[in-house]
Amino acid sequence: MCLDWLFNMQIPESTDSIVVIRPSAKTFVNGIASTYDEEYDARLKGRVSEFEFTDMIEKLNDQLSSMFPCNLCWVLGYVLCPFSLGLSLLIPYQCIKDAEESLLHRINRNNRKLLLSRGVEMVLVKRRGTSWIELRIGEQTEE
């Protein structure tokens, strides 16, 4: 299926060792979503509270939303794409590249400050026009 990325069908389901946080809004051609799902997964119970999880994801989403290009820039980039041979996508791409760097910085901060000591690692995964966040559950370390 050549358009399965459009419907996020290639995103894996959560397992006992990996909690998948799906995109909840539009994605750019490089796969970065403007927001990710804030629904708490019970597999995190005992490691990350629902409040901590919601707070982390809300902060990620707020940061992404504030750095994503405006709708006009988004639409113009796509509408003018055939006429500019794709060059019109460079303007929104620059904003999204900055948003991705900021997202990765925030993920690293969450890992360092909260998650790794609890045996959880947050990772951004990008594949074929979509992305998702994985919370990989490992061994809990003693503090």
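This is a predicted model: local features need pLDDT of at least 70, side-chain atom pairs count only at pLDDT 80 or more; totals for chains, interfaces and linings use all residues.
**Asp 55 counts as partly exposed, at 28% relative accessibility.** Residues are numbered from 1 along each chain as its sequence is written, and side-chain values use heavy atoms, with hydrogens and water left out. Now look for the partner of Asp 55: it forms a salt bridge with Lys 59, and the closest N and O atoms are 3.3 Å apart. A salt bridge here is a side-chain nitrogen of Lys or Arg within 4 Å of a carboxyl oxygen of Asp or Glu. Both residues sit in helix H1, four residues apart, which means about one helical turn separates them. Lys 59 is partly exposed too, with a relative accessible area of 38%.

**Zooming out, the protein has four helices and three strands.** Helices (H or I, at least four residues) and strands (E, at least two) are DSSP runs, numbered from the N terminus. Starting from that end, the order of elements is β-α-α-α-α-β-β. The C-alpha trace spans about 60 × 30 × 20 Å along its principal axes. Of the 143 residues, 41% are buried. If you take contacts (heavy atoms within 4.5 Å) between residues at least 6 apart in sequence, 58% of them join residues at least 24 apart.

**Asp 16, Asp 41 and Arg 43 are linked in a network of salt bridges.** The Asp 16 pair links distant parts of the chain, with Arg 43 in the loop between S1 and H1 and Asp 16 in the segment before S1, 27 residues apart. How much of each side shows? Asp 16 is exposed, at 69% relative accessible area, Arg 43 is partly exposed at 35%, and Asp 41 is buried at 17%. Across the protein, the salt bridge count comes to six.

**Asp 37, Glu 38, Glu 39, Glu 58 and Asp 62 make a negative surface patch.** Patches are built from residues with over 30% relative accessible area and no salt bridge, joining like charges within 9 Å and nonpolar side chains (Val, Leu, Ile, Met, Phe, Trp, Tyr) within 5 Å.

**A nonpolar surface patch of about 600 Å² brings together Leu 72, Val 75, Leu 76, Val 79, Leu 80 and Phe 83.** Which helix gives the largest share of this patch? Helix H2 (residues 71-79) does, with four residues. Val 75 lies in H2 and is partly exposed, at 46% relative accessibility.

**Leu 85 has a positive phi of about 55°, although it isn't a glycine.** Most residues other than glycine have a negative phi. You'll find Leu 85 in the loop between helix H3 (81-84) and helix H4 (90-115). Is Leu 85 buried or exposed? Exposed, with a relative accessible area of 78%.

**Asn 110 is a residue of helix H4.** Asn 110 counts as buried, at 9% relative accessibility. Leave aside its neighbours within four places in sequence, and Asn 110 is in contact with Met 56, Leu 60, Leu 115 and Met 122.

Conventions:
Buried means under 20% relative accessible area, exposed over 50%, partly exposed in between (1.4 Å probe, protein chains only). Accessible areas come from the Shrake-Rupley method with a 1.4 Å probe; for residues, only the protein chains shown count as cover. Lys and Arg count as positive and Asp and Glu as negative; His and the chain ends are not counted. The place of a charge is taken as NZ of Lys, CZ of Arg, CG of Asp or CD of Glu.
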